[in-house]
Amino acid sequence: MAAKIALLDPPSSASSDSDVIEPQDYSEVFIDMEEQEERSGDFYNTPASPITVPYCPRPPSTGSQKSPRARRQRTTSLNQGTTTQTKTDVMIRTPQRTIYTAGRPPWYNSEGQKVEPFVIGICGGSASGKTTVAEKIIESLGVPWVTLLSMDSFYKVLTEKQHEIAEKNEYDFDHPDAFDWELLIQTLQRLKEGRKVEVPIYNFLSHSRENRTKTMYGANVIIFEGILTFHNPKVVEMLDMKIFVDTDADVRLARRLRRDISQRGRDLEGVLKQYTSMVQPSFNHYIAPLMSHADIIVPRGGENEVAIQLIVQHVHTQLQLRGFKLREELAHAHAMNSGPRPPTVKLLPMTPQIKGLHTFIRNKDTPRDEFIFYSKRLIRLVIEYTLSLMTFNDKIVETPQGVSYSGKRMSTNNICGVSILRAGETMEQAVCDVCKDIRIGKILIQTNLQTGEPELYYLRLPKDIKDYQVILMDATVATGAAAMMAIRVLLDHDVAESNILLVSLLMAESGVRSIAYAFPKIQIVTTAIDPEINDRFYVLPGIGNFGDRYFGTEPTEE
Amino acid sequence: MGSTNMDMNCTKELEVCKEYKRLKLLPANDQIKELQTILRDKNTTRSDFKFYADRLIRLVIEESLNQLPFTECNVITPTGATYKGLKYKSGNCGVSIVRSGEAMEQGLRDCCRSIRIGKILVESDADTHEAKVVYARFPEDISRRNVLLMYPIMSTGNTVSKAINVLKEHGVKEDSIILSNLFCTPQAVQTILQSYPRMKILASEVHPVAPNHFGQKYFATTSF
């Protein structure tokens, strides 16, 4: 089961662990980028996959650990771009471009405010089929972005003494004290707030946390599963739906026996001893009583189709109530809106020269080299203008002429650029040309052709981005959906709203207003604001598809 | 503070300069002030100096181009809509005054890829300190063109006067000349605009003290 689903996974969430079931057929694009990022500690590395699961092998509860194969892999990453996707559907290839249908769709509403994710808790004894239930729910839900968090990530780091006990297979991994509840609650809380979390990767050989962590995000739906999910009242409070998987003890024992003996090469005696001395008592003491917290009890686990369909129906209703349809709403939200623009919108003075540049790049007959050339000039101007919006302090300097000169100095050195791929990338050069040694982050957002919604695919930001003034770049802003997603990403990385400057060459009136109203502290800089958006979300009169024209990937006519 | 006194004395002169409509300044903002501060700071390293000088030059050039004549025109955008734009008239050229004016050539090239650039070399006589033109080379039809005359630092205006005279000798009309300049003194502005009542000056700052170390620091050579 796990293996089948992992095939759909872009490698990011599987990370580079050697023993993870590696997906075979994912995008070539992701590989290179990810390989590098895993090594560099300087940048946030964010999974591009819609469903993130930390790499976290199961503890063998007790029992010998002779071979690394004895570990059960719980390293699934499920893609649910569309419900019945097969691995080949992860990519759509058109003659012009390759599209990955596994991005992260909006996790906020048209006001840019976060919609609280729906959190499902799944509890049940060891080998009761919690994972199967979780996977079946994800499969039937058809919700594009699901985060699956496992309690296994939160095992405590063992002391040396405890480590020795574990070596003798006498450490009780089924006891509540084995978990780091504080970290668990904190992580789940942040996920529920839609923020970025670093989920520890627990190594069951050394019983410590690895230096690396797995980056996860809150999603439309968060599934939290584990043997003691309902043990802590604070956790229970955060769950919107509580499911208990109730599988008969003999079935669970049978599964354990089969798994441990045939897959892990352990002997019958050992498995039975471990089961009776720890697993079974723990179930009776701690896990079974938790059933009273559950909203739904699923007998027989994953094979119980009726129960799963009921659950899925309920979640669907809940999600619809919370509302996730974005782009169309944005296009219409402020279309009728007139009156003065919010003061945070900074339009470059429309001088003849800027108008002249616009004339070149808007003309459909402008050849590419001229298009690039004049775009670059315009970009340079908008970036210079953007820098003038920073805060400056007075400064007096000595001159070679022997007199002092009272001038200005920018109050911060911490500026970084973040470009929204692909069109935003065209503005990176200009930022580098005006700010020495500036750091550049990247966000890839693509429009899902089926839903018309933006989806987040790839993200790389400087690690301490919250301390920076961020120049967020996109060449054109129509509905503002992509820009809004990028802003949301920055906010989720704890960048202060007032530290963000959104810079673009051309914006549509409604897009400007949507963003300015949603994020009143963000400064928006552009060289022109066009009045309309057409039904394909292009700005009118506009500039066409800026990225296509700049990079020469526009579809041939006829 | 020496500078405070200096500023006080020259306030009047600066006021006078502001009344000239043919003197255009870059729109003042803190960021341009920062560039000027860095260029004037004697502790600025050479690599920083060149970097920030190039940025300021680019802005001055862009703004100079903004002064050139244009006509209205309509274009069709890829979405099929019409955009009311404008088009610059052709027939412009640049002329740099050697040596420091050449620092601005790249900035002009970055904005107009194939623009023709002429050169004038003006040197001061070692004894009389009088400026004289040693060398001048222009596009053949310069008399029909608009000329961007590039010279970053102007303290007395003598060199620029000589250069303008040469241009006029070649048939360039006074109102076709725009001087692109980074720093100039009020005195120089007055000298030039009074002697040539139809030409324009575009500068980033008018200040009684000109940063005369510009050429030397930009090219990192000593002048003779």
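1. In this predicted model, chain B has 224 residues, of which 44% are buried. The secondary structure of chain B consists of seven helices and twelve strands. Among the contacts in chain B with a separation of 6 or more, 63% are between residues 24 or more positions apart.

2. Chain B also touches chain A, and this contact draws 41 residues from chain B and 41 residues from chain A. On the side of chain B, at least two residues each come from the helices α1 (2-18), α2 (30-40) and α3 (46-65), and likewise from the strands β2 (70-76) and β3 (82-88). The element that gives the most to this side is α2(B), which provides seven residues. Sorted by class, the residues of chain B that touch chain A comprise 17 nonpolar, 13 polar and eleven charged.

3. Within chain A, helix α12 (residues 352-362) packs against helix α13 (residues 368-387) at an angle of about 145°, and the axes of the two helices are 9 Å apart. The crossing that α12(A) makes with α13(A) is left-handed.

4. As for the residues that form this helix pair, α12(A) contributes A:Ile354, A:Leu357, A:Phe360 and A:Ile361, which meet A:Glu370, A:Phe371, A:Tyr374, A:Ser375, A:Arg377, A:Leu378 and A:Leu381 of α13(A). Taken by class, the contact between α12(A) and α13(A) contains eight nonpolar residues, together with one polar and two charged residues.

How values were computed: Residues numbered from 1 in each chain as written. Chains lettered and ligands numbered in written order. Predicted model: local features only at pLDDT ≥ 70, side-chain atom pairs only at ≥ 80, totals over all residues. Axes fitted to C-alpha atoms, helices over the stretch in contact; angles between N-to-C directions. Helix = DSSP H or I, 4+ residues; strand = E, 2+ residues; numbered from the N terminus. Left-handed = near helix turned anticlockwise from the far one by under 90°. Contact = placed C-beta atoms within 7 Å. Nonpolar A, V, L, I, M, F, W, Y, C, P; charged D, E, K, R; others polar. Buried ≥ 20, exposed ≤ 12 C-beta atoms within 10 Å, placed from the backbone.
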